[in-house]
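Please look at the structure on the screen while I talk, and I will go from the whole chain down to single residues.

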Amino acid sequence: MDAQRIDTIVETHDLPTYRRQQLLHAFFTENCATFDDVTTLSKSLRTSIDLPAMTVRKRRLLVSNEGNAFKALVELDDGKLIETVLLEPKPGLWSCCISSQVGCLMKCSFCATGRLGFTRHLTSEEITDQVLFWRQYIRAEGLEANLRNVVYMGMGEPFHNKDAVFASLRELTNPETFNIGARSISVSTSGLVPAIEEFTDQFPQINLAVSLHAATDELRQHLMPVNKPYPLEKLRAAMDYYVDNTNRKLFIEYIMLDGENDQPAHAEKLVQYIRGMARPHLAHVNLIVYNPTDAGHRESPRAIARAFMAILKDNGLSATIRKNLGRDINGACGQLALKGQV
Ligand code: SF4
C-alpha cells in the first residue's frame, strides 16, 4: 500500500477526493490491513476493490526469548520470501529492519543472506509494506510500541536496488502517507561508491551507515568482494563527500570476527583509516560482535571487543559496541537467511 495504489483505486472507481483522504487515513493512521477493515467505505465499495491492500503476507513469525525482537518471514505476490525484523533496542524505542532485495549479490563472507545469492530486487512498495506490516502487527497485538525508526539493514544491498530504494525513502518521508522523519531513517551499504554520492545529493537528512569490517584492502577484499571495484581509498572519498555535504554523523559498521579483524593491529589500522577522513570527528564506529551463521567465522570474545573499542576511544574516535538483539531467532545482523524455509 502506498500513495500510488490509493490513487489507482480512486481513479479506477472514479471516487471523490474525500475517499482518497479516507483511504490514506485508514492505512497510514489507523493501520488497517485490508480494505475490509476500512469501515468508512461502504460495504459494496469495499468488496468491489479487487486489488490486495498489501504486497507482503505473513508466513511465519518468531519472537525472541526476551520479547524485544520479532522476525517475520513474509511472502511476496510472486511467492518469493523475505525476512523483516522488529526490534526494541531501548525500552519504548522501536525500530524495524527492512529488506530491499530477495537474497543479495554482494557475497560478504560472514553474511547468511549473501550465501543465498541474488533472486530479485524488491519494488518500492514491497519495501515500504514491511513498515506497514509491523505497524499493523503492533496494533493487532496491542503492543505498547511506537515504531519510529526504520533501518535498511535487512536482506540485500540497498544501493544495488537504488531506484526502488530511493522511491521508498520518498514514500516513507511523504507527509501524506508514512510521514517518518528523515533523521529516523538509516540506510546501510556495503560501499557502492557512486550510489553513496547520489544518495547524499538526494537525501542529505537520512542517516548513512557504511559496512567497513576491515581497514586494509587485502583483508576487506577477502571479507567483502565489493572492495575490489570500490577499494578503501575510493570509499573514504565517498564518505568524505557525505560528511562534507551533510555536516552529519556517518556510521561505520565493523563486525568483529574472532582472530580475523579484531586484534590491536586491526584497531590501529582502523584508527589510521578514519583519521585520514576529512572530518574524522563525524565518524562513529559501531562494533558488532559477529552473530553465528553457517559461514564459518567465529564471534570475537567480549573482552577482545572491549579492548578494540578502547584503542579507538584512546585515539579520540567515537565508538560503541552494538547490542545484539534477536540472535535466538536468527534475526540479528547478518543472520537473515530464510532458515528452514528454502
Ligand atoms: S552483509 Fe549486506 S551487502 Fe553483504 S551479503 Fe549480506 S545483505 Fe548483502
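Predicted model: local features only at pLDDT ≥ 70, side-chain atom pairs only at ≥ 80, totals over all residues.

Let me start with the contacts in the chain: among those between residues at least 6 apart in sequence, 67% join residues at least 24 apart, where two residues are in contact if their C-beta atoms, placed from the backbone, lie within 7 Å. Residues are numbered from 1 along each chain as its sequence is written.

The chain holds 10 helices and 12 strands, and these are DSSP runs numbered from the N terminus, with helices (H or I) of at least four residues and strands (E) of at least two. The radius of gyration of the chain is 21 Å, close to the 20 Å that the globule rule gives for 342 residues, so the chain is as compact as a globular protein of that length; the radius is taken over C-alpha atoms, and the rule is 2.2 Å times the number of residues to the power 0.38. Along its principal axes, the C-alpha trace spans about 70 × 40 × 35 Å. Of the 342 residues, 44% count as buried, which requires 20 or more other C-beta atoms within 10 Å of a residue's own, whereas 12 or fewer make it exposed and anything in between partly exposed.

Now to a pair of helices. Helix α6, residues 193–202, and helix α8, residues 232–246, pack at an angle of about 5°, with their axes 9 Å apart. That makes α6 roughly parallel to α8, the word used for angles under 35 degrees, whereas over 145 is roughly antiparallel, 65 to 115 roughly perpendicular and the rest oblique. The axes are lines fitted to C-alpha atoms over the stretch in contact, and the angles run from 0 to 180 degrees between N-to-C directions.

Which residues are closest to the ligand? They are Cys 104, Met 106, Cys 108, Cys 111 and Gly 114, out of 12 residues that surround the ligand, a residue being near when its C-beta atom, placed from the backbone, lies within 6 Å.

Lys 107 sits in the loop between β5 (101–103) and β6 (118–121), and its phi is near 55°, a positive value in a residue other than glycine. Most residues other than glycine have a negative phi. Lys 107 is partly exposed, with 15 C-beta neighbours inside 10 Å. His 213, in the loop between β9 (207–211) and α7 (217–223), also has a positive phi, of about 70°, but His 213 is buried, with 26 such neighbours.

Finally, is His 297 buried or exposed? With 21 other C-beta atoms within 10 Å, His 297 is buried, and it lies in the loop between β11 (283–289) and α10 (302–314). His 297 and Phe 110 are 187 residues apart in sequence, yet 6.6 Å apart in space, C-alpha to C-alpha. Leaving aside neighbours within four places in sequence, His 297 is in contact with Phe 110, Leu 257, Glu 260 and Tyr 290.
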